[in-house]
Amino acid sequence: MNETQGYSAEYAALNHEIYSLTKQLEAKERELKEKQKTDVYDPFDNPSEYHWYNDDYSEILPWITMPEFSVPFEPAKVEKNALRKYYNIGGFIFLFQFLFSNVLALLLISLIQLILGKLNPDAASGAIEHYMRGGSIFVAINLIIYLAANVGFAFIGLKWAKIKPSFMLNTRDYSFSDAVVHCLAGLFIWICAGFISSGIDDIFSQYGFSTDILDHDYGKTALGFAIMTIYSCIIAPLTEEIMFRGALMKIFSKADRRFAIFMSAVFFGLAHGNIPQFMLAFLIGIFFGHIDMKHNSIIPSVVVHIFINSMVTVISLLKDNDELMGLYGLALIAGSVVGLILLIIFRVKNKLPMSTPAQKLRGISVAKTSVGCIIAVVIHIGYMALNIIATKQ
């Protein structure tokens, strides 16, 4: 081998070495950039959240995917506007559901009263209304309205927010034993909320008001009771969970999961239109939101909701039998004691998601400037207040 060939070989070896080092440096640089890149599913670095429930935050801040970009502590105007858009969707969907259900109820009741009046021209209007309330007509109307309103506006809201509804059934790590724990823990919360509600009602009654605005004369016939049972034990739990944990909690969870749990629970309580049920729905709604977020599905809350509503239905069946009611009451107390223990164990192992300081600036701080949320809350509180004022003796 001559001298020229020797230099060529050394030059080729040197080029190969330079090429290898360049590739290694490029790989290290890519690795470093990946480490510096913000996790779009955990932009606030919050270890207390169930990250599988989180959405891609680049939908709020598109430039979050840029290398070395991090979410600022205080949201800029553009970020607030993006979040406010989702909060407005949640608020307006809740408001539209309320208005739609009331208008549809008025139209259906008026139409059926008109038809019955034509079929029975000699019947007084009071007699027709009594017939509708005591039979199956009112409860059937109730079932149809809330089936259409809850499911319909839940899917409209998800479509509006560009969220795929399939997430509601992406169940994660959920077993029969989890269902039992959740049901008994929910039973304890329900009984505690019942005592709180009774205390509130006693306070209002001292001033001549009643917080109990429910009509207990519905569904007195066998068919009416059957429809009421189907609605209370199946339709209401399923459709309400689709609306409140399925649509609203997901829509409100863009930046702060804890805020989403509490906000959906507040709306869930307001939807019931009276203070006793507000307390029950709010407290149990927090628990529903927690277990759904943990398991990434609405199935856990649907199961507990069906269980609790079924317990209430059994009470309505046994209320005239003192002996059976007494035994049933003892069973509920025993179940609630076990539920308290299971709830404590559950909460020790599964904390509610906490909010980082940066998330707090993107949760209630932005929601309180959302026109949709403000109007929805004000109208529902006003409706609840009017219902209580109407009970003044």
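Modeller: Contact here means heavy atoms within 4.5 Å. This is a predicted model, with local features needing pLDDT of at least 70, side-chain atom pairs counting only at pLDDT 80 or more, and totals for chains, interfaces and linings using all residues. Residues are numbered from 1 along each chain as its sequence is written, and side-chain values use heavy atoms, with hydrogens and water left out.

Colleague: What is F287 in contact with, leaving aside neighbours within four places in sequence?

Modeller: H182, A185, G186, I189, L343 and F346.

Colleague: And which residues touch the most other members in the largest nonpolar core?

Modeller: F287 is one of them, with Y57, Y87, F252 and F267, in a core of 77 residues. Such a core is a set of buried Ala, Val, Leu, Ile, Met, Phe, Trp, Tyr and Cys residues joined through side-chain atoms within 4.5 Å. Buried means under 20% relative accessible area (1.4 Å probe, protein chains only).

Colleague: Which helix gives this core its largest share?

Modeller: Helix α8, residues 275-295, with 11 residues. Helices are DSSP runs of H or I, at least four residues, numbered from the N terminus. Another core, of eight residues, lies apart and includes A105, L116, I137 and F138.

Colleague: Why does C183 count as buried?

Modeller: Because its relative accessibility is 10%. C373 counts as buried too, at 3%.

Notes: Buried < 20%, exposed > 50% of the residue type's maximum accessible area, 1.4 Å probe, protein only. Helix = DSSP H or I, 4+ residues; strand = E, 2+ residues; numbered from the N terminus.
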